Amino acid sequence: MPGLSPNSIALNPKRGLMYWVDPFNGKIEMASMDGSNIRTFYSQPGSAMTSIAVDHFMDGRVFWSDSKQNQIKSANHDGTGIQVVIDNGLHHPRSIDVHHDYLYWISAETGRVAKIDKFGRGINVTVQDVLQVVPNDIK
């Protein structure tokens, strides 16, 4: 896929799809895992998507972080059903991942690793907040 410089990539092998964020153009793109059929999954000018994850237990629901808007959103595997999962207390989410019932993220501003129910219910729980080095990625 010449000319692409993705910031974060997530795979959905069950559906044969891959997703990547383009933080410079405010969009998420998707394609077949062989690189064909490239199309826009989500676009929001002025945003800065920083990370993407696929929930393999929720029929491939896609989650992504937007550091500029301070939000984490999700959508169905085809880009429909977009929802704001969380939009407070994120402090510029840098990287996200989904594990069972929880969504985890790293705050670029504070270096904090936090989690919340993947449906956005409840409150943010700090998993770790005294890191010597702030990681770039959580997986």
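**Exercise 1.** Is Asp59 buried, partly exposed or exposed?

*Solution.* Start with the model: it is predicted, so local features need pLDDT of at least 70 and side-chain atom pairs count only at pLDDT 80 or more, while totals for chains, interfaces and linings use all residues. Residues are numbered from 1 along each chain as its sequence is written, and side-chain values use heavy atoms, with hydrogens and water left out.

Step 1. Take the classes: buried means under 20% relative accessible area, exposed over 50%, and partly exposed in between (1.4 Å probe, protein chains only).
Step 2. Asp59 has a relative accessible area of 45%, so Asp59 is partly exposed.
Step 3. Locate the residue: Asp59 lies in the loop between S5 and S6. Strands (E, at least two residues) are DSSP runs, numbered from the N terminus.
Step 4. Check the backbone: Asp59 is not a glycine, yet its phi is positive, about 60°.

**Exercise 2.** Where does Asn70 lie, and what is its relative accessible area?

*Solution.* Step 1. Asn70 is found in the loop between S6 and strand S7 (71-75).
Step 2. Its relative accessible area is 23%, so Asn70 is partly exposed.
Step 3. Phi of Asn70 is positive, near 55°, in a residue other than glycine.

**Exercise 3.** Give the strand order of the open sheet that contains S5, and name its edge strands.

*Solution.* Step 1. Two strands pair if DSSP finds at least two bridges between them.
Step 2. The four strands run in the order S5-S6-S7-S8, with antiparallel pairing.
Step 3. Strand S5 (49-55) and strand S8 (83-86) are the edges, since each pairs on one side only.
Step 4. Within this sheet, S5 and strand S6 (residues 61-66) are joined by six bridges in the antiparallel sense, and Asp55 stands opposite Arg61 in S6.

**Exercise 4.** Describe the open sheet that contains S1.

*Solution.* Step 1. Its four strands have the order S1-S2-S3-S4, and the pairing is antiparallel.
Step 2. The edge strands are S1 (8-12) and S4 (39-43), each pairing on one side only.
Step 3. Strand S3 (residues 27-32) pairs with S4 over four bridges, in the antiparallel sense.
Step 4. Met30 stands opposite Arg39 in S4.

**Exercise 5.** How do the residues lining the largest cavity divide by type?

*Solution.* Step 1. A cavity is a set of points on a 1 Å grid over the protein atoms alone where a 1.4 Å probe fits but cannot get out; lining residues have an atom within 4 Å of a point.
Step 2. The lining includes Trp105, Arg112 and Val113.
Step 3. Ala, Val, Leu, Ile, Met, Phe, Trp, Tyr, Cys and Pro count as nonpolar, Asp, Glu, Lys and Arg as charged, and the others, Gly among them, as polar.
Step 4. The lining divides into four nonpolar, four polar and one charged.

Note on methods
1 Å grid on protein atoms, 1.4 Å probe; cavity = no way out; pocket = protein on both sides within 12 Å on 5 of 7 lines; lining within 4 Å.
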